[in-house]
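Here's a quick look at a two-chain model, written for someone who likes cut-offs spelled out. Have the sequence and structure open as you read.

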Amino acid sequence: MTLQIVELDPKLHIRQHFDCSNINRNLYLQKLAAQHRRSGFSSTYVLSDTKKPSTIFGYYSISAAQIELGVIPKQDLRKLPKVPIPAARVGQLAVDLKEQGKGYGALLLQNAIKKALLVREQSLGIHMIIVDADSQNAASFYRKFGFRECNSSGRTLYLCLGSD
Amino acid sequence: MDIRLEEEDKALIERAAQIRGVKAASFTRSIVIREAEEVIRNAHIVKFDEKAARDCLAALSKPFAPNEALRKALDHGSESGL
């Protein structure tokens with residue numbers, strides 16, 4: 001089996017069969033992902049087998065975001081090129097129930113991080129990745145890979161991409 | 001955009017609009033637009049608390065330093081061409 005991660009193609013990928021057990025993640029893929037792509041709000045990438053590309057194993061969506069470090073005094077911020085700080089946000093990441101336990105979540109996440117690193121190298125100033133976690137399990141998953149909480153809500157985590 | 005409202009919702013909105021001294025339509029419009037702007041702002045802007053902001057600031061001036069789990073995931077992805 002050869003895996004691929006490609007941009008969501010509503011004509012190819014069968015979104016209705018996707019079930020990750022989280023109703024919001026299912027609905028996002030089925031109802032919103034293509035709409036968000038058309039409106040330029042976010043892009044969605046799909047993991048599948050090259051031999052059966054219409055079956056969605058998992059997906060993530062990525063969009064632009066900005067960070068506000070409002071609590072830090074201005075003089076401490078002066079080294080940064082821009083405030084608010086530009087970031088990439090992985091708003092959705094999910095794996096189908098039938099495909100869980102195979103490391104596909106990590107595969108999707110590392111792909112999203114590589115995309116953000118590529119954008120950073122092309123000097124578009126992406127300084128970090130933000131992820132949204134709507135459960136303790138999701139938050140633990142991201143913490144394992146070095147993500148940290150942005151604030152006490154615990155629902156948003158960040159990973160710094162650093163600078164060269 | 002064609003919004004249908006129940007009679008009791010309409011009455012409620014009209015009462016609130018009266019208190020503000022504006023017409024129900026302009027009251028509804030201003031509230032909905034304010035809410036829409038808030039949704040869009042929240043979707044794009046992430047606020048950090050002080051500890052996170054200081055940690056983040058320190059990490060931003062250093063090179064990218066993935067932990068072991070992430071480094072392995074990145075390597076594994078590269079081996080699969082992903």
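Predicted model: local features only at pLDDT ≥ 70, side-chain atom pairs only at ≥ 80, totals over all residues.

Residues are numbered from 1 along each chain as its sequence is written, with chains lettered from A and ligands numbered from 1 in the order in which they are written.

Chain A averages a pLDDT of 89 (the predictor's confidence in each residue, from 0 to 100), and 90% of its residues score at least 70.

| Element of chain A | Residues | Mean pLDDT |
|---|---|---|
| Strand 1 (highest) | 3-7 | 97 |
| Strand 3 (lowest) | 58-68 | 91 |

Chain A has 3 helices and 7 strands (DSSP runs numbered from the N terminus: H or I of at least four residues for helices, E of at least two for strands). Along the sequence they run β-α-β-β-β-α-β-α-β-β.

On to the interface: 39 residues of chain A are in contact with 29 residues of chain B (C-beta atoms, placed from the backbone, within 7 Å). On the chain B side, strand 1 (45-47), helix 3 (50-60) and helix 4 (68-79) each supply at least two residues, and helix 3 of chain B gives the most, with 9.

There's strand pairing too (at least two DSSP bridges): strand 3 of chain A and strand 1 of chain B pair in the parallel sense over 3 bridges. A:Ile67 stands opposite B:Val46 in that chain B strand.

Technical notes
Contact = placed C-beta atoms within 7 Å.
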